[in-house]
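Q: Please take a close look at a single part of this structure and describe its surroundings for a reader who is new to it.

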Amino acid sequence: MNQYESDLLRLLDERGYIHQLTDAEGLDALAAKQVIPGYIGFDATAPSLHVGSLVQIMMLRRLQQAGHKPIVLMGGGTSKIGDPSFKDEARKLIGGDAIAANIASIKTVFERFLTFGDGPTNAIMLDNAEWLDALEYIPFLRQIGQHFSVNRMLSFDSVKLRLDREQSLSFLEFNYMILQAYDFLELSRRASCRLQLGGSDQWGNIVNGVELARRVDSTQVYGLTTPLITTADGGKMGKTVSGAVWLNAEQLPPYDYWQFWRNTQDADVGRFLKLFTDLPLDEIARLEALQGSEINEAKKVLADLATAMAHGAAAAEEAAETARRTFEEGAVGESLPTLKVTGDGLGIVQALTVLGFAASNGEARRKIAEGAVRLNNVVISDPAFIIVLEMDEPLRLSLGKKKHALLTR
């Protein structure tokens, strides 16, 4: 762990957020002597962000906790293009009305994590459409385009990997990194922004912005990226059987959000408590040292705190109580049947027939098509779905409201 002078970099370092810095010493010195406005950009291609964006939201929260100013930059302009970084294909283009509606919906999430207002460390939300929509093509090429080398742009992983796979990269998408760099320049001018934060996949885009501000305005700005957040088994953070783990309650009920965190793998509990909660480090150390079934208590703490932050304390308490009734009381009080699942997994259709929930494979498929089958309260709609138990905790398989079973290893 590095010895930083500023509260900001010490906080980010000790909780596991720092992967790369453009100038660690310079940023540390600046953060130790003044309030730094720092930003992260979020494209508005859906009505909600998902848990894959949560580490970035938490970084803005840490920025504010350390006495600095978070800037949430909504990509009202860049959402019309789409970020090609590490995407296999171009994103579907969406219109201005849909983007505006998405931004309004997404803002409700940020209001739970950040304190907005007019004060020196209050968060603000800006929209890059304010300056990108007004750009004129020829003046922009003359003033900004001259500072970008196509040779260098082609060397960035976000572009290179796409081209290496011989997948199409449109000129529209190729412009994205120039526009993101220009965002940093504009925010430096408009809001005295001195720091851009982002995931490790944004490193090339961030470096472009740092260099553009230096070349055009002779302004020193900084970049910081987080490591790629994966689970202990190497899986992608937030990938579940039911798809994306959305942050808005309209897209994913708080109970399902709570369950997502409750199902964290043992080896990830301590790291996720550092990244996604405000729990003090000494208490996190105590929880992650728990052994055997006791580690489940740490997972419940993680689920409670993460859900309270995203959806409020009442929703977290309700989710925890629902889970307690469903699993703890249900397993004993209802004497639920159990079914062992081997390491290779078990087909959902077979599980339903073996348990006697369906008289035949055909009936099992019909029940699945009707949306009547749930695994840990998540509807399973694919009859080819394979149940795999990656952890020691049992899964609850339900058909309708009255038929339940526990799946164990």
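A: The buried residues of helix 13 (residues 269-276) are in contact, meaning heavy atoms within 4.5 Å, with helix 3 (54-65), helix 12 (254-262), helix 14 (281-288) and helix 15 (295-311). Helices (H or I, at least four residues) and strands (E, at least two) are DSSP runs, numbered from the N terminus. This is a predicted model, in which local features need pLDDT of at least 70 and side-chain atom pairs count only at pLDDT 80 or more, while totals for chains, interfaces and linings use all residues. Residues are numbered from 1 along each chain as its sequence is written, and side-chain values use heavy atoms, with hydrogens and water left out.

Buried here means under 20% relative accessible area, as against exposed at over 50% and partly exposed in between (1.4 Å probe, protein chains only). The buried residues of helix 13 are V269, G270, F272, L273, L275 and F276. Because six of its eight residues are buried, helix 13 is largely enclosed by the rest of the structure.

Two strands pair if DSSP finds at least two bridges between them. Strand 5 (residues 195-199) runs parallel to strand 6 and is joined to it by five bridges, with G199 opposite T226.
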